[in-house]
Amino acid sequence: MSEIIATAKRVIAEEIEGLKQLSAMLDKNFETMVDKLINIKPTGRVIITGMGKPGHITKKIEASLASTGTPTFYVHPGEASHGDLGKLCKDDIIIMLSNSGESQELGAMINFAKRHGIFLIGWTAKPNSTLGEASDLLIKIPDIREACTLDMAPTVSTTMFLALGDALTVVLMDQRRFTKEDFRACHPGGKLGKIMKVQDLMWSGAEALALCRPEDKMSEALPIMSKKNVGCLIVTDEKGKIAGIITDGDLKRHISDKMMSLRAKEIMTKNPVVATSGMLASEALLTMEEKDITVLPVVNDMKQKKPIGVLHIRSILQSRLV
């Protein structure tokens, strides 16, 4: 094994050891922290801060918390003493990261928190430090050497801070019963907020398809439409292709004492606009707006035109596409 690989493996091994010790040290204080954050007042926010390398870690923790239902933002401790202390409110909770607990730049925020009764949670390896003693709640991390050969560059400590932040994020998600829908709402970009296609939003299967034949009387067809409750009745020919569609608008236009004796082909809109399953949902929405319609039959193939589902405007609205 080369010296380079050996050093890399040592660093990783020491960081793994730090995480093991961190896991073993979790205690009631962690539970208390979760309870405080869950029950933060509606007017309060979680303020997270740190200086140097821990400061960079706090930005990731802040982003994770904010995107999973915990109102959180980062305040740079250096900027705090130049006006950003005005961002802090009495009902906030401050989470402050410092391995040594003695970062000089944190002093202004510590003093401000104590002066105004803002709850301070300190994450540090030194409980007897300035931060440790000033904290209303202390989350202690293992006091072990850094993986850096000089034992100076933050490595193991920042890894532990990051893991602790991830643990807090996931626990708070579970406690809040944070759902996939909640997550999607906070992540309109990326994989979770992918460019949605019609197939992602359409109602499909036997329960979603209200079908009838052109010769069916409305007395037979209307109960099917009512039972499916998808906003339309798709009329198919003998080959199963879409011949027409009957919507609420079609019913209103033909309402009379004789309507129930009429056949579907006499009421339906022929050659209706359809969407393909692979079409972008945004494109389908534009079609709906241009045609002033609220529902589209969905097909896989425009030549065969066999219905596989229905896209309703409600599904698009619920997806937060608009």
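Guide: Before we look at single residues, a residue is called buried under 20% relative accessible area, exposed over 50%, and partly exposed in between, with a 1.4 Å probe and protein chains only. This is a predicted model, in which local features need pLDDT of at least 70, side-chain atom pairs count only at pLDDT 80 or more, and totals for chains, interfaces and linings use all residues. Residues are numbered from 1 along each chain as its sequence is written, and side-chain values use heavy atoms, with hydrogens and water left out.

Visitor: Is glutamine 318 buried or exposed?

Guide: Glutamine 318 has a relative accessible area of 59%, and therefore counts as exposed. Helices (H or I, at least four residues) and strands (E, at least two) are DSSP runs, numbered from the N terminus, and glutamine 318 lies in helix H14, residues 313-318. Its C-alpha atom is separated by 9.3 Å from that of leucine 201, 117 residues apart along the chain.

Visitor: How many helices and strands does the protein chain have, and why is it said to be more spread out than a compact globule?

Guide: The secondary structure comes to 14 helices and 13 strands. The radius of gyration, taken over C-alpha atoms, is compared with a globule rule of 2.2 Å times the number of residues to the power 0.38; here the radius of gyration is 30 Å, well over the 20 Å that the rule gives for 322 residues, so the chain is more spread out than a compact globule. Along its principal axes the C-alpha trace spans about 90 × 55 × 35 Å.

Visitor: What share of the residues is buried?

Guide: Of the 322 residues in the protein chain, 42% are buried.
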